[in-house]
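Have a look at it first, then read on.

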Amino acid sequence: MFGFKKPKAPEQQAVEQTSFFGKLKAGLSKTQTSIFGGAADLLHGKKTIDAAFLDDLEERLLVADLGIHATTEIIDALHTSIKRNEISDYDQLRQTLGTVMGNILDPVQKPLTIPVDKPGPFVILLTGVNGAGKTTTAGKLASHFINQGHSVVLAAGDTFRAAAVEQLQAWGERNNVPVVSQHKGADSAAVIFDALQSARANNIDILIADTAGRLHTQDNLMDELKKIHRAIGKFDDTLMLENILVLDAATGQNALSQARLFNDAIGIDGIVLTKLDGTAKGGVIFALALDTGIPIRFIGVGEQVDDLHTFDSTAFVEALLEYQ
Ligand SMILES: Nc1nc2c(ncn2[C@@H]2O[C@H](COP(=O)(O)OP(=O)(O)O)[C@@H](O)[C@H]2O)c(=O)[nH]1
Ligand SMILES: [Mg+2]
């Protein structure tokens with residue numbers, strides 16, 4: 001029952017890496033267009049790099065949901081470089097932009113590593129509002145860690161919606177990962193406690209727990225998440241717990257408010273930013289980085305199992321700035 005797939009060969013991983021960059025670039029194209037108005041127009045178009053250009057760029061950064069803080073930081077840095085005559089053409093502009101953007105995103109590039117020297121399981125608790133992508137991310141993460149050679153069990157902690165359990169079971173079947181679940185309306189903390197026992201008994205490395213995104217009130221939701229924390233602590237208070245907040249990039253600045261809300265209520269260790277494909281508001285990643293400093297563990301660029309990737313700030317900035 002607790003079998004897991006073999007890790008992929010390095011060549012196959014390399015192919016996935018390359019196609020991921022293409023996918024990342026394609027996924028970020030709407031955000032890129034929203035910032036640069038079509039690369040041809042702003043980056044190697046006819047405009048001169050002057051105050052009016054920076055005003056235009058500033059507006060675009062705000063529209064792409066970078067937020068006031070990150071936008072100001074970027075525009076100020078460009079102003080300084082222009083004053084020092086460091087930017088005379090678009091390639092130099094792009095380079096400076098890349099450096100400034102990298103400086104904002106580098107500090108939150110902290111990939112999630114799973115310690116191997118502890119009695120498991122390592123617990124990943126996925127939280128976030130309805131529709132953010134928690135259940136999908138649970139399935140994608142299961143596959144990600146199985147490919148790394150870890151054993152995984154999934155816990156259907158969203159007992160609020162019956163469909164959530166079925167959705168997670170489907171991901172479990174697809175990835176050959178066991179799913180611990182109970183009936184709709186069951187106590188979420190009890191489901192996760194069950195899953196912990198099962199994982200411990202079967203020597204499983206990682207427990208990925210889905211949770212509900214909506215209960216009757218926001219207080220109910222936070223109380224339930226706190227109760228889950230208590231259940232995990234009761235099982236074994238030395239367990240490593242990674243509290244992940246799943247955020248939908250398409251919600252733009254709203255994602256920032258959610259990050260603050262969840263972080264204040266339960267403490268967030270890492271963020272998974274989903275749906276970077278198909279949104280022009282991907283710039284919110286800069287606001288999240290600058291205003292919360294919470295590590296961005298993974299990004300989602302599609303609905304398929306391999307559309308989740310470890311966050312790499314350099315690749316992200318390159319994909320965003322690369323013009324055709
Ligand atoms: N395009 C795209 N869709 C996604 C991504 N992540 C999740 N989704 C879709 O978003 C919808 C809601 O996801 P779900 O996992 O059910 O959200 P939950 O309510 O937080 O569990 C589903 O249709 C997913 O397929 C992503 O990175 N890109
Ligand atoms: Mg769900």
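## Around the ligand

In this predicted model, 19 residues sit around ligand 1, and G133, K134, T135, T136 and G300 come nearest. A residue counts as near if its C-beta atom, placed from the backbone, lies within 6 Å of the molecule.

Helix 7 (residues 134–147) gives the largest share of that shell, with three residues. Helices here are DSSP runs of H or I with at least four residues, strands are E runs of at least two, and both are numbered from the N terminus. Sorted by class, the shell has 11 polar, five charged and three nonpolar residues. For that sorting, Ala, Val, Leu, Ile, Met, Phe, Trp, Tyr, Cys and Pro are nonpolar, Asp, Glu, Lys and Arg are charged, and the others, Gly among them, are polar.

## The chain as a whole

The protein chain has 13 helices and eight strands. Of its 324 residues, 45% are buried: that takes 20 or more other C-beta atoms within 10 Å of a residue's own, while 12 or fewer makes it exposed and anything in between partly exposed, with C-beta atoms placed from the backbone.

Contacts are pairs of residues whose C-beta atoms, placed from the backbone, lie within 7 Å. Among contacts with a separation of 6 or more, 78% join residues 24 or more positions apart.

## Helix 12

Helix 12 (residues 284–292) is mostly covered, with seven of its nine residues buried. Those are V284, I285, F286, A287, L288, A289 and L290. Their cover includes helices 5, 6 and 11, plus strands 6 and 7. Just after helix 12, G293 takes a positive phi of about 70°.

## A loop glycine

G302 lies in the loop between strand 7 (296–300) and strand 8 (308–310). It counts as partly exposed because it has 18 C-beta neighbours inside 10 Å. Leaving aside neighbours within four places in sequence, G302 is in contact with K23, G27, D277 and D307. Its C-alpha atom is 6.2 Å from that of K275, 27 residues away along the chain.

The average pLDDT, the predictor's confidence in each residue from 0 to 100, is 89 for the protein chain, and 90% of the residues score at least 70. Over residues 1–8 the pLDDT is below 50, and this stretch has 17 contacts beyond near neighbours in sequence.

Residues are numbered from 1 along each chain as its sequence is written, while chains are lettered from A and ligands numbered from 1 in the order in which they are written. In this predicted model, local features need pLDDT of at least 70 and side-chain atom pairs count only at 80 or more, but totals for chains, interfaces and linings use all residues.

How values were computed
Contact = placed C-beta atoms within 7 Å.
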